[in-house]
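Please read them alongside the sequence and the coordinates.

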Amino acid sequence: ETALSYYQKAIDIDPDDTEGLFRKAHVLEFLGRKEEASKIYNRAYSLDPNNPYILIALGNQLASEGKMQEAFEAYKKAADNPDASNNVRAEALTAASIVRTAQVIHMEEAISLAKAAVEQDPRFSPGLAQYANVMFLNGDAKTAGEYIGRAIQANPRISKNYNLTAQMLRYNKRYGDAINYQKEAIIRVTSDNTLLGPAQMKEAQAFYTYDLARTYDMSGLKVDIIPLLSKAVQINPNLKTTLKNDFEKHGLFKTLGKDQRFITLLE
């Protein structure tokens, strides 16, 4: 709130100051005021359509709206800006790779973009993690393990890197190690400097908690996971749809089918 007041004063002095507009919008994102942030990002873009910071923010906005191709084009434009720093270019390439990964049919390009991000900035943790992710999806578990380790070392505060590690371990049926990493992901949420404010932190905490319940279920360990599922759904009610799909379509949580607590949770 204090930062917002200073950025507003800067904009009052110069309404066309694109840096002030960008930073005000960024603060509004942290405060959960997404619609206001979106309008200001769009104004900043109209004033400086080649600014890589603004292009990345615009890409994030478009991706959140499901406009994946438009988001990809914004990220690529940011990455192609010759004036962008290596770190900013790495961020844009990483984001472009994530979009291509989500589109599935562009996996080769996703790998190429993630590799380029790592080459631009070998210490950029999200880039290292995305390269680990695409290599894992491509069946190269050894390279994936190496790069997710490097990602955690580069920035130990990023919670999703621990959960990604857990998912890799779970795939290899190393359930005990996976559980430990997922618990670590939950712990790291509160100090994760890549999450924009309390709303994103709650979403991350809910997802990691739910994914931990999945791992327990797959492991066959005799652990009561109803409290974990209940907590996850309580934090993020949207996970109820995921829970139903996992139970009805993907064969998870079958041992809970006659548990009244679970039946109530599905309702």
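This is a predicted model: local features need pLDDT of at least 70, side-chain atom pairs count only at pLDDT 80 or more; totals for chains, interfaces and linings use all residues.

Which residue with a positive phi follows α6?

1. Helix α6 and its end. The residue asked about is Val104, with a phi near 65 degrees. Helix α6 itself runs over residues 86-102 and has 17 residues. From first to last C-alpha it reaches 24 Å, close to the 24 Å expected at 1.5 Å a residue.

2. Burial of α6. This helix is mostly covered, with 12 of its 17 residues buried. Among them are Val88, Ala92, Leu93, Ala96 and Val99, but the buried set also includes Arg89 and Arg100. The cover over these buried residues includes α4 (52-64), α5 (68-79), α7 (107-120) and α8 (125-137).

3. Thr101. This residue is found in helix α6. Its relative accessibility is 15%, so Thr101 counts as buried, the limit being under 20%. A polar atom of the Thr101 side chain lies 2.8 Å from the backbone oxygen of Ser97. Leaving aside residues up to four places away in sequence, Thr101 touches Met107, Ala110, Gln130, Asn133, Val134 and Leu137.

4. Helix α11. Residues 175-188 form this helix, and its 14 residues should span 20 Å at 1.5 Å a residue; the end C-alpha atoms are 20 Å apart, which agrees. Its buried residues are Tyr175, Ala178, Ile179, Gln182 and Ala185. They cover an arc of only 115 degrees around the axis, and therefore lie on the same side of α11. What they pack against is α10 (159-171) and α12 (197-219).

5. Lys173. In the loop between α10 and α11 sits Lys173. Its phi is positive, about 60 degrees, although Lys173 is not a glycine. With a relative accessible area of 62%, Lys173 is exposed.

6. The structure holds 14 salt bridges. Side chains of opposite charge can pair when their charged atoms come close. In one of these bridges the side chains of Asp16 and Arg43 meet, at 2.5 Å from N to O. The pair links distant parts of the chain, 27 residues apart: Asp16 is in the loop between α1 (2-13) and α2 (18-30), and Arg43 is in helix α3 (residues 34-47). Asp16 is partly exposed, with a relative accessible area of 45%, and Arg43 is partly exposed at 34%.

7. Salt bridge within a helix. Glu19 and Arg23 form a salt bridge whose closest N and O atoms are 3.0 Å apart. The two are four residues apart in helix α2, so about one helical turn separates them. Glu19 counts as partly exposed at 47% relative accessibility, and Arg23 is partly exposed with a relative accessible area of 34%.

8. Further salt bridges. Asp80 pairs with Lys76 in a salt bridge, the closest N and O atoms being 3.3 Å apart. Here Asp80 is exposed, with a relative accessible area of 52%, whereas Lys76 is partly exposed at 25%. Elsewhere, a network of salt bridges links Arg170, Asp211, Arg214 and Asp246.

9. The largest nonpolar core. This core has 20 residues, and those with the most contacts inside it are Tyr210, Ile225, Leu229, Leu243, Phe253, Leu256 and Phe262. At least two of the core residues come from each of α12, α13 (226-235), α14 (239-248) and α15 (260-266). Helix α12 gives the largest share, five residues.

10. Leu243 in its setting. Which residues does Leu243 touch, not counting residues up to four places away in sequence? They are Tyr210, Leu229, Val233, Phe253, Phe262, Leu265 and Leu266.

11. Phe253. This residue has its place in the loop between α14 and α15. Phi of Phe253 is positive, near 60 degrees, in a residue other than glycine. Is Phe253 buried or exposed? At 0% relative accessibility, Phe253 counts as buried, and it is among the residues with the most contacts inside the largest nonpolar core.

Methods. Residues are numbered from 1 along each chain as its sequence is written. Side-chain values use heavy atoms; hydrogens and water are left out. The expected span of a helix is 1.5 Å times one less than its number of residues. Buried means under 20% relative accessible area, exposed over 50%, partly exposed in between (1.4 Å probe, protein chains only). Contact means heavy atoms within 4.5 Å. The arc is that of the directions from the helix axis to the C-beta atoms. A polar contact is a pair of N or O atoms within 3.5 Å; within protein, one must be able to donate a hydrogen and the other to accept it, and residues adjacent in sequence count only if both atoms are side-chain atoms. A salt bridge is a side-chain nitrogen of Lys or Arg within 4 Å of a carboxyl oxygen of Asp or Glu. A nonpolar core is a set of buried Ala, Val, Leu, Ile, Met, Phe, Trp, Tyr and Cys residues joined through side-chain atoms within 4.5 Å.
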